[in-house]
Structures are given as C-alpha cells and as structure tokens.
Amino acid sequence: MPERIFNAQKFRAAIQASGLKQSEVGEPPVRLGESVISRYGSGAVTPPPEKLPVLAARVGLPLDVLAPRRGLPDLKDLRCDAGIQQKDTSQYTGTKSAMPVRAAENGMRRLKDEFVAPLAEAYGVSVEELRAAQERSFGNMVPAVRKPAPPRSAAPGAPQTVAEKITYLLERTYARHERPTDAELADRGNQKTGRPILDEVLVRALRTGKESTGDEAILGALAAALDAPLVFFTSDSPDEAARIVAGIRTVQNGVRAARHGDGPLPPEWLDFIEASIREITGGKSPDGPDSQG
C-alpha cells in the first residue's frame, strides 16, 4: 500500500521556522542524533515511517503536510501513523510476540477478533477503519470508511433557546425605548397569523425562559410578531438562522432608505426585494404593518 512521501524541503523549512536546533529536533521522544536529522533535512535519508508522526509534531506540521500519502492506508500504515513499531504491538494483543500483527500486515493471516479492538484503540482509529485497512493488506481494495458527521453546534454566543432568540431579535431590531411590550408582541402575532395563539402571559414566560415550546404554531406567531422567518425558531443551527435574520434586516433597512430617497435602488429592484422578503417572512412587508408605502 502507499507509504507516506516525506517532504525533506518542508521538514527543513519547518525546523528553521520553529527556531529549533537540529539537536533539539532529535531530542526525546524523537531520539535521533543531530546528524540524522540533518540527513533527513537534506533528503539524503528518509525517516522510518514510525518516526514521521513524532517528527511532524516536533516541527509543528500536520503529518499529512510533512509526509502526504496517496491512497488509503493498510494495517502497516495505521501502525506507523500511530508511531508504534511492529515489535511493540504484542502489548496490545497480549501475546508473547508481534507475530499476529506481522502476519496480518503481510497478508498471511487475519487478526483474531479479540485483537481488533485493542489495536484500533492503540492506533487511534475505529474498529471499522482497522478492519478495512486489514483487507487492504490482503489486497482487497475496500473504500474508506465513512465517518458520521459531527453534530452541528451553534457558534459561541448564538441564540439557542426560545428565550434567547426572542431577546436576540428584540435587541437587534429595536432601540431599547422602542421595544414592544409582551402584550404588543402577542397582539401583533395574533393579528398576523389571524389566530388567537399568543397572550401577554405566554409571551412573557417564553421571553424570560420560564417556559419553552416546540409548538410550531406558537413559534410561527412569535416569528411573525418579530418580523423574522420561522426557520429562526425551528432551525437546528441557530447561528445560521441568525445570519438569515441579519441578512433580512440589512435588506429591509436598505429598502426603507431607498423608499425615503436615501438609497440608489431603482423601483423594480425594490419590488423584487419586497416580494422576496414577503416569501421568506410569510407575507410581511419590509416596511412593517404601519408602512404608508
């Protein structure tokens, strides 16, 4: 299988950039003499594959940058990427020698099931990845194991709860002295949805975090009351939803300025933008319910 290709030039440049002496690069856990490090940097000698991870860490380069590999790893590649010598694998298999790993790496005999999980943990991969690498050691070109996507998380400070989202919209839409009361929000949401969904007590409880809800009708009324798209309250990516709201606010402000003669947008652009915002916000005009056009 494809071994990593050591880049001597990048190694030499990384040493210079780090300010380390070659003797310092070779200190434990690298455990190599200055002359050896010098030969690595000149390209005269290629480091053993088991040494590449610790060398990359010492000079501050990702392993894939210092020594990229074309293709998918086999068992030997996984072991070397973990910085483990073959002779030391017996401590993970609980055997007297490294023969089980040697045989598997050479495509002679597959690992026993009880060896797979300990070796996967030692190599820093999943059991599935280790089994796939083993098949490649036996000449079977299996594809890379697909890893589950990490859960999406909100950016620091992004509103996540209903209370945080209400506060977010109030703070970014209104000056402090102009913010609507809970009763006004309830009335506005009910008027825009045409249904008696909200009341002052419910809005206050949601705004202060005393209550929360996943009810789409309530969230829709809140969104309408605050001139926001429903996705802001229902999205599993609050920071993304916040950017949507910020974009709408920017366009709304531009439309208002242009309507009052302070902007360069021609009438046909304004009509298009207004129609787009109505579609996003469920029929809400950019100038608000009290707009005179």
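In helix 10, which spans residues 127-137, the buried residues are Glu129, Leu130, Ala132, Ala133, Gln134, Arg136 and Ser137. The model described here is predicted.

- Just after helix 10 comes glycine 139, whose phi is positive, at about 85°.

**Alanine 120 in helix 9**

- Helix 9 covers residues 113-123, and alanine 120 is found within it.
- Alanine 120 counts as buried because its relative accessibility is 1%, and the limit for a buried residue is under 20%.
- When residues up to four places away in sequence are not counted, alanine 120 touches Val125, Ser126, Val127 and Leu130.
- One of these contacts, leucine 130, lies 10 residues from alanine 120 in sequence, and the C-alpha to C-alpha separation of the two in space is 5.9 Å.

**Helix 12 and helix 13**

- Helix 12 (residues 182-193) packs with helix 13 (residues 200-208) at an angle of about 110°, and their axes are 8 Å apart.
- The two helices are therefore roughly perpendicular to each other, since angles of 65 to 115 degrees fall in that class.
- The crossing of helix 12 and helix 13 is right-handed.
- On the side of helix 12, the residues that meet the partner helix are Asp182, Ala183, Leu185 and Ala186; on the side of helix 13, they are Glu200, Val203, Arg204 and Arg207.
- Sorted by class, this contact between helix 12 and helix 13 has four nonpolar residues, four charged residues and no polar ones.

**The chain as a whole**

- The chain contains 17 helices and zero strands.
- Of the 293 residues in the chain, 38% are buried.
- Among contacts between residues at least 6 apart in sequence, 54% join residues that are at least 24 apart.
- The chain exposes about 16,700 Å², of which carbon and sulfur atoms supply 51%.

Note on methods. Residues are numbered from 1 along each chain as its sequence is written. This is a predicted model: local features need pLDDT of at least 70, side-chain atom pairs count only at pLDDT 80 or more; totals for chains, interfaces and linings use all residues. Side-chain values use heavy atoms; hydrogens and water are left out. Helices (H or I, at least four residues) and strands (E, at least two) are DSSP runs, numbered from the N terminus. Buried means under 20% relative accessible area, exposed over 50%, partly exposed in between (1.4 Å probe, protein chains only). Contact means heavy atoms within 4.5 Å. Axes are lines fitted to C-alpha atoms, for helices over the stretch in contact, and angles run from 0 to 180 degrees between N-to-C directions. Angles under 35 degrees count as roughly parallel, over 145 as roughly antiparallel, 65 to 115 as roughly perpendicular and the rest as oblique. A crossing is left-handed if the near helix is turned anticlockwise from the far one by less than a right angle, and right-handed if clockwise. Ala, Val, Leu, Ile, Met, Phe, Trp, Tyr, Cys and Pro count as nonpolar, Asp, Glu, Lys and Arg as charged, and the others, Gly among them, as polar. Accessible areas come from the Shrake-Rupley method with a 1.4 Å probe; for residues, only the protein chains shown count as cover.
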